[in-house]
Amino acid sequence: MEEIELELYLVRHGESMSNIGADGELSYELKSDSPLSPKGERQAELLGEYFSEYSLDYLMSSGLRRALQTAYQVGIHQPENGARKVEVHRIFTERNTECRSRSIEEIQQELPIMIPALGTKPEDGTVHQGGDDTDEMTFARAQEAVKYLRERFHNGEKVMVVAHAALITDMYLDMLGLDRIQKFDPSFYNTGITKIVFFREGTAPYADIYQVYHNAVPHLYAEMPEFRF
């Protein structure tokens with residue numbers, strides 16, 4: 001009989017100001033920690049509405065603004081018995097980050113449902129400081145992130161992680177047992193959802209790890225038809 005250990009939803013943040021090359025409109029601090037664009041804000045709202053009737057057990061995010069703002073919309077739309085708090089963990093930070101690491105208290109002034117992730121310490125900060133990250137360093141951090149999730153969740157928990165394209169790509173490759181260097185790019189759209197289910201060893205009929213879907217954006221179809229194709 002199948003026994004699910006973890007039902008994981010990997011989500012890339014909504015479109016950011018830096019994604020559209022609008023960094024020139026931002027302050028010095030926001031250039032290195034880009035917030036969502038107006039379109040990205042709407043993508044995040046639609047994502048939250050999409051999950052409004054599906055209870056997550058845990059909701060986690062990178063400490064960067066664009067991921068926090070996206071996760072916030074999911075949290076405030078969760079049903080009463082869902083994950084209405086967002087755990088912030090520096091391990092999910094994008095690569096080559098040079099921005100200031102804000103404290104949880106500072107983040108809560110803007111987004112009050114944010115809390116520190118289990119196992120983190122205040123001195124760790126909310127953002128991984130890695131302006132000189134190499135591909136190998138980012139992949140190693142992605143492996144550490146997967147290990148953190150697998151060791152913490154193993155009783156069928158439904159967990160969403162909101163992070164960034166490069167980090168999610170490396171997590172995805174690691175979870176599926178693929179090497180960092182591939183001849184294809186799995187690609188992740190803004191607010192694209194990838195669902196991966198981990199089964200207790202030997203209980204699933206074909207493999208212990210299933211990719212249920214990759215980069216799904218049904219929540220965007222009605223308002224952003226360009227994502228249909």
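Me: Which residues of helix α5 meet helix α6?
Reply: Contact means heavy atoms within 4.5 Å. Here Asp135, Thr138, Phe139, Arg141, Ala142, Gln143, Ala145, Val146 and Leu149 in α5 meet Leu167, Asp170, Met171, Leu173, Asp174 and Met175 in α6. The contact residues divide into 9 nonpolar, 2 polar and 4 charged. Ala, Val, Leu, Ile, Met, Phe, Trp, Tyr, Cys and Pro count as nonpolar, Asp, Glu, Lys and Arg as charged, and the others, Gly among them, as polar.

Me: What model is this, and how are residues numbered?
Reply: The model is predicted, local features need pLDDT of at least 70, side-chain atom pairs count only at pLDDT 80 or more, and totals for chains, interfaces and linings use all residues. Residues are numbered from 1 along each chain as its sequence is written, and side-chain values use heavy atoms, with hydrogens and water left out.

Me: At what angle do α5 and α6 pack?
Reply: Axes are lines fitted to C-alpha atoms, for helices over the stretch in contact, and angles run from 0 to 180 degrees between N-to-C directions. Helices (H or I, at least four residues) and strands (E, at least two) are DSSP runs, numbered from the N terminus. Helix α5 (residues 135–152) and helix α6 (residues 165–175) pack at about 65 degrees, with axes 8 Å apart. The crossing of α5 past α6 is right-handed, meaning that the near helix is turned clockwise from the far one by less than a right angle.

Me: What is the strand order in the sheet?
Reply: Strands of a sheet pair through backbone hydrogen bonds, either parallel or antiparallel. Two strands count as paired if DSSP finds at least two bridges between them. This open sheet has 7 strands in the order β4-β3-β2-β5-β1-β6-β7, with mixed pairing. At the edges stand β4 (114–116) and β7 (209–216), each with a single partner strand, so one side of each has no neighbour in the sheet. Neighbouring strands are turned by 25 degrees against each other on average, direction ignored.

Me: Which strands does β1 pair with?
Reply: Strand β1 (residues 4–12) runs antiparallel to β6 (residues 193–199), with 7 bridges. Val11 stands opposite Ile193 in β6. β1 also runs parallel to β5, again with 7 bridges. There, Tyr9 has Met160 as its bridge partner.

Me: Why is β1 largely enclosed?
Reply: Buried means under 20% relative accessible area, exposed over 50%, partly exposed in between (1.4 Å probe, protein chains only). In β1, 8 of the 9 residues are buried, so the rest of the structure largely encloses this strand.

Me: How many bridges join β2 to β5?
Reply: There are 4 bridges between β2 (residues 58–61) and β5 (residues 157–163), which run parallel. Tyr58 stands opposite Val159, and Ser61 opposite Val162. β2 also pairs with β3 (residues 86–88) in the parallel sense, over 2 bridges. Met60 has Glu87 in β3 as its partner.

Me: Where does Thr191 lie, and is it buried or exposed?
Reply: Thr191 lies in the loop between α6 and β6. This residue is buried, with a relative accessible area of 0%. Its phi is near 65 degrees, a positive value in a residue other than glycine.
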